[in-house]
Amino acid sequence: MKYILILLLLISSPNAKEFSVVIDKPFNNALFDVTEDYDRGISAIGFSRHYKDSSNSSDTEYTNAFDYLSSLSKAQGSQMHLIKIDKQANIILDKNANLAKFNEAIALVKTPTNGYFVGGYTLDGDLLIAKLDSNGNLIFRKTFGTKNYDRMNNLILLSDGGVLAIGSSTTSRSPHDNIFETGLGLNDIFLTRFTKDGRKLWSKKYGTEYDDRGIDAVEARDGSIIVVSATDFDTNKNITLMRISENGNKIWLKHYKEENKITPYKIIKLRDNSFLLSLSKQNEMNKEQIRLIKFDLQRNVLIDREIYTSYASALKDIKEYSDGTIIGVGFVKDTYNTDGLVMLLDNTLSMTQQEHFGDENYDEFNAVTILHNSRAAVAGINTDKHSQESNMWLAVLNRDATMTQVSTKVESYLTGLSNLFKDEIYNSKINIKKDLTIEFVNNKLLFETGEYKLTKLQKEFLDEFSKKLIPFLYKNKEFISTLEINGHTSSEWKGAGFTNTYLNNEELSMKRSYSTLSHIFSNQTKETQTWLTKILKGSGLSYSKKIEFDNIEYKQRSRRVSFKIVLKSK
């Protein structure tokens, strides 16, 4: 079985209601990195497994990257897939190619000329980078590494336009392996620096007597490089931060050794020139918990924040918005299910918002990039609930971590609703999110514990609210697919175990949805009621969307109803 590299440059479905696209190929697939093009397209990279019988040899000269790489295929070929779609989700480029040993791509880096550096490794332990122009044509391709098994974990762009490959290499004790420093342990941190035209500047190994793996790196303002690595020994897994010069010489080391297993995922440079490291720490229940460490160039720790969640979770990639807000993506999992996790944090690294995405199987986000319009593109893995095979997953999120809708009319509807309810928003009675969700936030419009019957004040507000909302929707009915009325609860239920707590709250949330829906529906004309039967959808969400601030549940705010407008895709 061979791996296949997939290079995607924005995928969307014209029939999708939300900007969430699953690319279903035979066997297992995944996306590992994502970036935005200068023409506002989105690029993502990953792999899939593929069987193919093909053997071709030719002396033909190639000018196209995919034709050239296709010529390298052996009996079990690999497939590269290049798709580009513009900001209206129109496909403008679609290329396929077969690759020989380029079995798994793990990194995609934009070049200043709108091209790409692609980083990966082969099944037999070679490392590989390729540089492509904006049309996917090959500029150069480099295979490198030791005589032993090597693996790349990331490829980062440097300020001189070159790249740094970060990974690991099986220890070499051979004196003939003279391009590397002597291996130190079972596996060593392995770094290689290239110029923008593909010339190798240096390759070096670093590590301890144990098993070391280079995970990620970032360039500092002065040109030095901060490298994060993992060290495994016995049952422990610790991390090391290392600062090296632009020539690869060590400046300092800082080890984090703890009794509990810690796993590093990502390091970035912040706008204030400090650094942020995302890792996970195993708690006493052997569940991963998110940990974030902010430190400066002199290795002084500025913030060390642990974020405790009910389920195992980790942030595999992080990015910083211009206002200092951090968006992180990764996974959250319980015993039977794993979902993609999106989390927003303020500049003190306190959580302000989290959202879970996925089906009833294994789903996760591996990478995130912030787009020019402050939305975020995420890439990862989605597993259909009826399948055991993973698929490539690409989605676009709003600034508030909700899923973006594909319809180009979303922003105009958001503006229209904001103007329509400007007084209610100003008086802090409702909030309107970018995915067209309307939530009641005033304390007098929320439900008391265990209650679902509407109070006099709630009925009066719903009457005024629906007199604005329903005519607005009816006026635009040709574009409206669904009006969801969702009931919500807090997460407690006195004296009940986990199962009954959930089920009781599910029933309560459905009753809250029904009481709200029935009150609004009953006060409409027969003509409007007839139309509403086609778009109304009442749902009980139990406490799955409970309100939290800094990972602490705001129980009163959680006892609410919300409205979500879903537009037709076309």
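A word to know before you click: a residue is called buried when its relative accessible area is under 20%. Also keep in mind that this is a predicted model.

**Stop one: helix α4.** Select residues 456-475, which make up helix α4. At 1.5 Å a residue, these 20 residues should span 28 Å, and the end C-alpha atoms are 29 Å apart, which agrees. Now look at Ser466, where α4 bends by about 30 degrees. Next, colour the buried residues of α4, among them Phe461, Leu462, Phe465, Leu469, Phe472 and Leu473. An α-helix has 3.6 residues a turn, so residues three or four places apart point the same way.

**Stop two: aromatic pairs.** How many aromatic pairs does a search of the whole structure find? There are 15. Show Tyr413 and Phe472 for one that is edge-to-face, 6.0 Å centre to centre with 85 degrees between the planes. Tyr413 belongs to helix α2 (residues 410-420) and Phe472 to helix α4, so this pair ties together parts 59 residues apart in sequence. Tyr413 counts as buried because its relative accessibility is 6%, and Phe472 counts as buried at 17%.

Then pick Phe465 and Phe563, a tilted pair at 5.0 Å centre to centre and 50 degrees between the planes. Phe465 sits in helix α4 and Phe563 in strand β36 (residues 561-567), 98 residues apart. Both Phe465 and Phe563 are buried.

**Last stop: charges over rings.** Go to Lys110, whose charged end sits over the ring of Tyr116, 4.0 Å from its centre. Finish at Lys204: here the charged end sits over the ring of Trp202, 5.9 Å from its centre.

How values were computed
Residues numbered from 1 in each chain as written. Predicted model: local features only at pLDDT ≥ 70, side-chain atom pairs only at ≥ 80, totals over all residues. Heavy atoms only, no water. Helix = DSSP H or I, 4+ residues; strand = E, 2+ residues; numbered from the N terminus. Expected span 1.5 Å × (residues − 1). Bend = angle between axes of the 7 residues up to and from the residue. Buried < 20%, exposed > 50% of the residue type's maximum accessible area, 1.4 Å probe, protein only. Phe/Tyr/Trp six-rings, centres within 6.5 Å; stacked < 30°, edge-to-face > 60°. Lys NZ or Arg CZ within 6 Å of the ring centre and 35° of its normal.
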